[in-house]
Amino acid sequence: MKNAALKQYKKKKNYKLLLWLLPFLVFVILFSYVPLFGWSIAFFQYTPGSSLSAENFVGLKYFRQFFMDTVDMWRVIKNTLIFAVLGLVTMPLPMIFAILLNEVPHKGFSKFVQSITTFPNFISWVIVYSLAFSLFSTEGVINSILMGMGIISKPTNVLSSTSAVYWFQTCLGIWKGLGWSSIVYLAAISGIPQELYEAASVDGAGRFQQMLHVTLPGIAETFIVLLLLSIGNFISVGFDQYFIFQNPVTLKRLEVLDLYVYRLGLINKSYSYSTAIGMIKSLISLVMIFGTNQLAKKIRGNSII
């Protein structure tokens with residue numbers, strides 16, 4: 001009788017959990033799966049207000065156009081890959097920041113630093129652009145200080161410099177996401193047993209050696225999982241940042257794949273072609289996610305999906 005009552009209680013508990021999950025499932029279905037029916041316009045010569053009929057069916061025309069568009073497309077892919085590679089190269093920074101922040105002896109100060117560095121994540125890119133313009137434009141604070149000190153003779157507008165596009169946008173992304181990205185590593189560090197640090201201290205290990213031989217191995221698996229997930233989203237470098245910071249001078253280097261799809265679909269009204277590019281991008285991401293999943297099996301012994 002007790003076992004039957006326990007099973008009944010567990011069933012009721014599971015149903016309650018399922019009901020809590022239901023709104024999120026509905027949200028995901030409505031905004032992530034229902035829109036997939038719109039992919040059908042990639043196979044038609046679609047114009048707004050017209051129906052999809054056999055008369056305007058073009059098959060794989062726009063998919064072939066994607067591979068034949070060797071001028072704009074390869075420039076956009078190049079920009080996307082450069083930003084993606086820079087994102088992977090700088091990915092260890094939040095982990096390093098979390099390790100250093102964990103070593104600060106004054107916990108009140110470390111929490112203050114964590115709060116300050118996490119705050120930019122909640123600032124919109126529009127505000128970030130306003131701050132960057134105030135600091136780095138020709139009449140900005142940085143140029144005014146450097147000219148006043150006699151370091152430079154004429155101002156330099158970093159926002160309109162083609163040579164500074166890649167590193168400047170990468171630095172802005174690091175500044176905005178460093179604190180927020182370090183939270184998961186701080187959580188992983190808090191899960192490392194304190195007995196390991198005590199044992200290392202007894203063996204004569206200093207603070208740096210404990211970081212190297214206890215903390216770093218303890219969060220290495222978390223880093224690998226996040227790295228593999230980032231590889232799976234390799235060509236999804238974002239849209240908001242590059243859309244806000246684009247200008248006629250830097251557009252050719254700032255136009256990534258998502259921004260290119262936006263320009264084709266909503267500005268040039270090439271709905272079918274932009275949909276086809278979005279489909280190809282999604283399929284590539286899907287292949288890379290499953291590929292990284294197989295890589296995770298070989299590295300970690302178990303998959304991430």
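**Figure 1. The largest nonpolar core of this predicted model has 21 residues.** Phe 83, Phe 168, Tyr 242 and Phe 245 have the most contacts inside this core. A nonpolar core here is a set of buried Ala, Val, Leu, Ile, Met, Phe, Trp, Tyr and Cys residues joined through side-chain atoms within 4.5 Å; buried means under 20% relative accessible area, exposed over 50%, and partly exposed in between, with a 1.4 Å probe and protein chains only. At least two core residues come from each of α3 (72–89), α6, α8 and α11, and the largest share, 4 residues, is supplied by α8. Helices are DSSP runs of H or I with at least four residues, numbered from the N terminus. A second, separate core has 19 residues, among them Phe 97, Ala 188, Ile 189 and Ala 205.

A word on reading these views: residues are numbered from 1 along each chain as its sequence is written, and side-chain values use heavy atoms, with hydrogens and water left out. Because the model is predicted, local features need pLDDT of at least 70 and side-chain atom pairs count only at pLDDT 80 or more, while totals for chains, interfaces and linings use all residues.

Figure 2. Helix α6 (residues 125–136) has 12 residues and reaches 16 Å from its first C-alpha to its last. That is close to the 16 Å expected at 1.5 Å a residue, where the expected span is 1.5 Å times one less than the number of residues. Trp 125, Val 128 and Ala 132 are the buried residues of α6.

**Figure 3. Phe 168 meets Phe 136 edge-to-face.** Phe 168 is buried, at 5% relative accessibility, whereas Phe 136 is partly exposed, with a relative accessible area of 25%. The ring centres of Phe 136 and Phe 168 are 5.3 Å apart and the planes stand at 80 degrees, so the pair is edge-to-face. Rings of Phe, Tyr and Trp (its six-membered ring) pair if their centres lie within 6.5 Å; planes under 30 degrees apart count as stacked, over 60 as edge-to-face and the rest as tilted. Phe 136 lies in α6 and Phe 168 in α8, so the pair ties together parts 32 residues apart in sequence. Leaving aside residues up to four places away in sequence, Phe 168 touches Ala 132, Phe 136, Val 158, Leu 159 and Phe 245, with contact meaning heavy atoms within 4.5 Å. Look also for the aromatic cluster formed by Trp 125, Tyr 129, Phe 133, Phe 136, Trp 167, Phe 168 and Phe 245.

**Figure 4. Tyr 46 and Tyr 271 link distant parts of the chain.** The structure holds 18 aromatic pairs. In this one, the centres are 6.2 Å apart and the planes 75 degrees apart, an edge-to-face pair. Tyr 46 sits in the loop between α1 and α2 (61–68) and Tyr 271 in helix α14 (residues 271–300), 225 residues apart. Tyr 46 is partly exposed, at 23% relative accessible area, and Tyr 271 is partly exposed, with a value of 23%.

**Figure 5. Confidence is lowest in α1 and highest in α6.** Helix α1 (residues 2–33) has a mean pLDDT of 74, and α6 one of 92; pLDDT is the predictor's confidence in each residue, from 0 to 100. The protein averages 84, with 93% of the residues scoring at least 70.
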